[in-house]
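Let's take a walk through the salt bridges of this model. Have a look at the structure first, and then we'll go pair by pair.

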Amino acid sequence: MNRSVLTGVIAALAATVIVLAGAFVLLRPSGGTASDSSGGASGEASISSGQADIGARPDCPGPAVGGVELECLGGGYAPPSGEVTVVNVWAWWCEPCRDELPVLAEYAAARPDVTVVGVHADASAAKGAALLTELGVDLPSYQDSTNAFAGTLGLPGVIPITLVFRGGERVGVFPEVFHSAAELDAAVSGVL
């Protein structure tokens, strides 16, 4: 088998994996149970009316991230700071996210010059906040009940996914799991 055929087969396999992962994300339940009558249409209202269920969380750096306005998961808004922002899209039900969120917190502690935030991509804000509390991750996170962030930015339908912004410009997209703060730092440094 020649090199170009092998490269084509590998690319096709990678595309298939991405499509299947995207289908899984889009077709899975949004976090409610069969007895949950809230449905997906009321996702935005549920965070506003359910803030008491979420508890206090850190403030988000402004009402928008990556040019997309989102509510802050359990917090308010602080003035944006810093030139570089690292955004991690995650969900409470995502096992790789569970492993990666503490890595993001470690990276944020080591790099105070970089703004690190999450975007919780699920309608259940309370479950997202509960996971952060369970993991001891005290990073600000936006709540995205309607997939506005990924949809507006044209992101692949996979999580976790990490983006790097310099000012308002997206300079890096990483649809992968980071296993250490050093690994994340190398990826971020590589696009700056």
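Is R111 buried, partly exposed or exposed? R111 is partly exposed, with a relative accessible area of 23%; buried here means under 20% relative accessible area, exposed means over 50%, and partly exposed is in between, using a 1.4 Å probe and protein chains only.

A quick word on ground rules. This is a predicted model, where local features need pLDDT of at least 70, side-chain atom pairs count only at pLDDT 80 or more, and totals for chains, interfaces and linings use all residues. Residues are numbered from 1 along each chain as its sequence is written, and side-chain values use heavy atoms, with hydrogens and water left out.

Back to R111, which forms a salt bridge with D185, the closest N and O atoms sitting 2.7 Å apart. (A salt bridge is a side-chain nitrogen of Lys or Arg within 4 Å of a carboxyl oxygen of Asp or Glu.) D185 lies in helix α7 (residues 181–191) and R111 in the loop between α4 and β7 (114–120), so this pair ties together parts 74 residues apart in sequence. Helices (H or I, at least four residues) and strands (E, at least two) are DSSP runs, numbered from the N terminus. D185 is partly exposed at 25%.

R111 also pairs with D113, at 2.8 Å between the closest N and O atoms, and D113 is partly exposed at 48%. Together, R111, D113 and D185 are linked in a network of salt bridges.

Elsewhere, R98 bridges to E134 at 2.6 Å.
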